[in-house]
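Biologist: I am new to this structure and would like to learn how to read it. Could you walk me through it, one feature at a time?

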Amino acid sequence: EAPVIYAVTPTYARPVQKAELTRLSQTLMHVSNLHWIVIEDAVKKSSLVENLLARTNLNHTHLFVQTPVPYRRKGSPRGVEQRNAALRWLRKNKTMNDKGVVYFADDDNSYSLQVFDEMRYTKEVSVWPVGLVGGLMVEKPILNLTTGKVVGWNSAWRPDRPFPIDMAGFAISLQHILKKSKAYFAYNVSGGFQESHILQQLTVRENLEPKADNCTQVLVWHTRTEGPRLTEENKLIARGIHSDV
Ligand code: UDP
Ligand code: MN
């Protein structure tokens, strides 16, 4: 039996939310043995997400937790509370007998189906390149091809980060998540250090498992969706007309 991929997706209400989740859900529908954990940044489950999940044939878990007030501002790390809720759910509901891998799949990235094949048999922590992030076309691990180990990164932005890698560029085995039961995301780390913070609790560089053809393939992109211009829509809202889409 192949390990289950637990795709962990924080999401929040904004005009593009349904489009993002539709796109992501339809990518995930092509992945076998996948369990989608969707965590809304909200005080309760929304019918938008509820209905969307009901319409997919995906195994899923729908959670919600609102980002605490002091961190609900620009510049604060996003998705912290939501990813931690997923970690808590996994540690509560899964055991060492369950085979799986945990992947933090933000709702706005672009995923090749191949990236899921690459991560599935992660022993502890696997890594691969991420496109369109860190001010580069691709931010990626550098390998020693003799040993097959990660010796560094090509990162340009804050290359001093312990793990200069994007959230989309690594996966953790479920057993490792259960074993390192104290590992969580945190707010008291500088911007761009979320990944380093969690990975430092889980592994050391020497133990990273490089995937995607020795980290030569780009199989995921840190795309970001432009906020739509809704000036006309706002005029309707001012007149009390609300479009439900
Ligand atoms: N997110 C969230 N609450 C927020 C902002 C973002 O739950 O207030 C989610 C978002 O939907 C995404 C993840 O957290 O799945 C990362 O956010 P974003 O994509 O905006 O971050 P960036 O692209 O800047 O890394
Ligand atoms: Mn994003």
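Modeller: Gladly! Let us begin with burial: buried residues make up 36% of the 245 residues in the chain. A residue is called buried if 20 or more other C-beta atoms lie within 10 Å of its own, exposed if 12 or fewer, and partly exposed in between, with C-beta atoms placed from the backbone. Keep in mind that this is a predicted model, where local features need pLDDT of at least 70 and side-chain atom pairs count only at pLDDT 80 or more, while totals for chains, interfaces and linings use all residues. Residues are numbered from 1 along each chain as its sequence is written, and chains are lettered from A and ligands numbered from 1 in the order in which they are written.

Biologist: How many helices and strands does the chain have?

Modeller: Helices (H or I, at least four residues) and strands (E, at least two) are DSSP runs, numbered from the N terminus. Here the chain has eight helices and 13 strands. Its radius of gyration is 18 Å, close to the 18 Å that the globule rule gives for 245 residues, so the chain is as compact as a globular protein of that length. That radius is taken over C-alpha atoms, and the rule is 2.2 Å times the number of residues to the power 0.38.

Biologist: How do strands pair, and in which sense do β1 and β2 pair?

Modeller: Two strands pair if DSSP finds at least two bridges between them. β1 and β2 run in the parallel sense, over seven bridges. Within this pair, Y6 stands opposite H35 in β2. β2 is mostly covered, as five of its seven residues are buried.

Biologist: Which residues touch the most other members of the largest nonpolar core?

Modeller: A nonpolar core is a set of buried Ala, Val, Leu, Ile, Met, Phe, Trp, Tyr and Cys residues joined through C-beta atoms within 7 Å. The largest one has 50 residues, and those touching the most other members are Y6, A7, V8, I37, V101, V102 and Y103. Take V101: leaving out residues up to four places away in sequence, its contacts (C-beta atoms, placed from the backbone, within 7 Å) include P3, I5, M119 and L174.

Biologist: What does α6 pack against?

Modeller: The buried residues of α6 are Q194, E195, H197, I198 and L199. They pack against β6 (125-127) and β11 (170-173).

Biologist: Which residues are closest to ligand 1?

Modeller: For a ligand, we ask which residues have a C-beta atom, placed from the backbone, within 6 Å of it. Ligand 1 is surrounded by 13 residues, and the closest are P10, D41, R78, G79 and D106. Strand β1 (residues 4-11) gives the most to this shell, with three residues. By class, the shell has two nonpolar, five polar and six charged residues. Ala, Val, Leu, Ile, Met, Phe, Trp, Tyr, Cys and Pro count as nonpolar, Asp, Glu, Lys and Arg as charged, and the others, Gly among them, as polar.

Biologist: Is N188 buried or exposed?

Modeller: N188 is exposed, because it has 7 other C-beta atoms within 10 Å. It is found in the loop between α5 (174-179) and α6 (194-202). N188 and S76 are 112 residues apart in sequence and 9.3 Å apart in space, C-alpha to C-alpha.

Biologist: Where is N33 found?

Modeller: N33 is in the loop between α1 (17-28) and β2 (34-40). Its phi is near 45°, a positive value in a residue other than glycine.

Terms used
Contact = placed C-beta atoms within 7 Å.
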